[in-house]
Amino acid sequence: MGKAVIYYILLMLLAIGSVTFFIVKNVKFDNPYDMDTINNIEVSKSLHTISYKGYQSEYAVIPDGNDVSPENFSEDTYAALLVDNTNKEALVSYNSLRRIYPASTTKLMTAIVVCDALYKGEISLDDQITLQHDTSITEEGALVSQLKSGCTITVRNLLYGLLMKSYNDFAVILAEYVGGSEAEFANRMNAKAYEIGATGSHFVNPHGLHDDNHYITAYDMYLILQEAEKYDIIREIDSYNSFTYSYTTADGQVLDDDITPTNQFLSGTYKLPSNITIDSWKTGTTKAAGNILALNVTIDNNSYSIFVADSVSQDDLYDKIGIMFNLTK
């Protein structure tokens with residue numbers, strides 16, 4: 001009987017020792033990824049023969065960390081991208097996969113989500129929206145319209161003011177009308193971004209006023225520009241160099257607002273070369289984002305996408321765009 005007890009005790013000690021060993025080994029092991037335990041993997045040399053027939057064949061693809069001709073942009077530019085849409089080739093790429101703040105270029109995605117609601121029949125361009133409250137835009141220097149609670153305006157006129165003049169309150173009005181709230185509309189924006197492959201972006205509002213969690217990449221804005229081209233109303237708005245829209249005040253007065261584009265090529269501040277036409281575009285400016293212009297252009301019958309986020313000034317931004325125009329030759 002004594003030997004049986006001793007044998008039993010030894011088995012118990014052995015079991016306890018084994019469990020303790022595994023616990024200590026897993027809890028205290030400092031480097032579970034010991035390079036000596038990792039097998040070498042040889043990648044097949046035939047992989048380069050893969051023929052891409054989906055996303056990669058439709059858009060230019062920018063390898064992570066690979067700059068292309070960044071010389072004119074690396075010193076005072078947050079990000080820059082020039083894509084030859086005919087050949088799906090990046091002619092310039094600087095920080096194109098880096099997260100940056102989009103400012104009002106956000107509104108291009110806002111317009112896309114609104115247009116999706118139009119195409120699905122959820123809303124119409126002629127819908128009359130009566131403001132139930134004043135729109136709260138508190139950021140210093142943020143552009144807002146004269147609309148107040150009780151004013152009535154159409155979806156069409158809101159889109160014109162959103163894209164041409166970049167009214168921040170128009171973005172909020174459209175977001176609340178389409179999504180029910182800014183937060184729910186932002187969810188739609190993020191879903192749309194994911195759908196088109198713009199997975200480096202995250203939107204928390206429809207206007208682009210600063211929020212640390214609201215960001216894009218230059219490459220994602222390139223994808224957003226390509227998506228915007230699919231909507232007739234966006235291309236129509238982006239072709240105008242002036243527009244007059246009307247709205248009705250709470251006491252029944254019909255007032256007009258004459259607007260010109262924030263794109264200074266279209267407003268005439270900067271001269272656009274005669275062989276270049278602008279197809280779709282959006283500007284953006286905040287203290288954190290700098291000065292931004294994203295646009296699709298046709299140059300001598302060839303299509304190009306351009307994005308520049310400049311850290312210096314409006315003049316420097318348009319100089320950078322001019323450099324890109326020349327690089328297309």
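Trainee: In β9, what is the bridge partner of Leu81?
Mentor: Phe307 is the bridge partner of Leu81 in β9. Keep in mind that this is a predicted model.

Trainee: How many bridges join β1 to β9, and which way do the two run?
Mentor: Strand β1, residues 77-84, is joined to β9 by 7 bridges, and the two run antiparallel.

Trainee: What holds paired strands together in general?
Mentor: Strands of a sheet pair through backbone hydrogen bonds, in either a parallel or an antiparallel way.

Trainee: What about the hairpin of β8 and β9, how many residues lie between the strands?
Mentor: That hairpin has 2 residues between its strands, and Asp300 takes a positive phi near 50° there.

Trainee: What is the strand order in the open sheet?
Mentor: The order is β2-β1-β9-β8-β7, which makes 5 strands in an open sheet with antiparallel pairing.

Trainee: Which strands stand at the edges?
Mentor: β2 (89-94) and β7 (276-286) do. Each has a single partner strand, so one side of each is left without a neighbour in the sheet. From one strand to the next, the twist averages 5°.

Trainee: How many bridges join β7 to β8?
Mentor: β7 is joined by 10 bridges to strand β8, residues 290-299, and these two run antiparallel. Within that pair, Gly284 has Ile292 in β8 as its bridge partner.

Trainee: Now β5 and β6. How many bridges are there?
Mentor: Strand β5 (residues 243-248) and strand β6 (residues 254-259) pair over 6 bridges, in the antiparallel sense. Ser246 stands opposite Asp256 in β6.

Trainee: Which residue takes a positive phi in the hairpin of β5 and β6?
Mentor: Gly252 does, with a phi near 95°, in a hairpin that has 5 residues between the strands.

Trainee: Step back a bit. How many helices and strands does the protein have?
Mentor: The protein has 9 helices and 9 strands.

Trainee: And what percentage of the residues is buried?
Mentor: Of the 329 residues in the protein, 46% are buried. On contacts, take those with a separation of 6 or more: residues 24 or more positions apart account for 63% of them.

Trainee: Let's do a helix. How many residues of α7 are buried?
Mentor: Helix α7, residues 218-228, is mostly covered, with 11 of its 11 residues buried. Among them are Asp220, Gln226 and Glu227, along with Met221 and Leu225.

Trainee: Which helix holds Leu158?
Mentor: Leu158 is found in helix α4, residues 155-165.

Trainee: Why does Leu158 count as buried?
Mentor: Because Leu158 has 0% relative accessibility, and buried means under 20%.

Trainee: What is Leu158 in contact with, leaving aside neighbours within four places in sequence?
Mentor: Leu158 is then in contact with Ile129, Ile153, Phe170, Ile173 and Leu174.

Trainee: And how far apart are Leu158 and Leu125?
Mentor: They are 33 residues apart in sequence and 9.2 Å apart in space, C-alpha to C-alpha.

Trainee: Change of topic: how much space lies in the largest pocket?
Mentor: About 390 Å³. It is lined by 21 residues, of which Ser104, Leu143, Ser166, Thr262 and Thr285 are the closest to its centre.

Trainee: Which strand supplies the largest share of that pocket's lining?
Mentor: β7 does, with 4 residues. Both β7 and α9 (314-327) supply at least two residues of the lining.

Trainee: How does the pocket lining split by class?
Mentor: The lining of the largest pocket has 6 nonpolar, 12 polar and 3 charged residues.

Trainee: How many cavities of 30 Å³ or more are there?
Mentor: The search of the whole structure finds 1. The largest cavity has a volume of about 40 Å³.

Trainee: Which residues line the largest cavity?
Mentor: The lining includes Tyr101, Pro102, His210, Asp211 and Thr286. By class, the lining of the largest cavity has 5 nonpolar, 4 polar and 1 charged residues.

Methods
Residues numbered from 1 in each chain as written. Predicted model: local features only at pLDDT ≥ 70, side-chain atom pairs only at ≥ 80, totals over all residues. Heavy atoms only, no water. 1 Å grid on protein atoms, 1.4 Å probe; cavity = no way out; pocket = protein on both sides within 12 Å on 5 of 7 lines; lining within 4 Å. Points joined across faces, edges and corners; volume = space filled by probe spheres on them. Nonpolar A, V, L, I, M, F, W, Y, C, P; charged D, E, K, R; others polar. Pairing = 2+ DSSP bridges. Axes fitted to C-alpha atoms, helices over the stretch in contact; angles between N-to-C directions. Buried < 20%, exposed > 50% of the residue type's maximum accessible area, 1.4 Å probe, protein only. Contact = heavy atoms within 4.5 Å.
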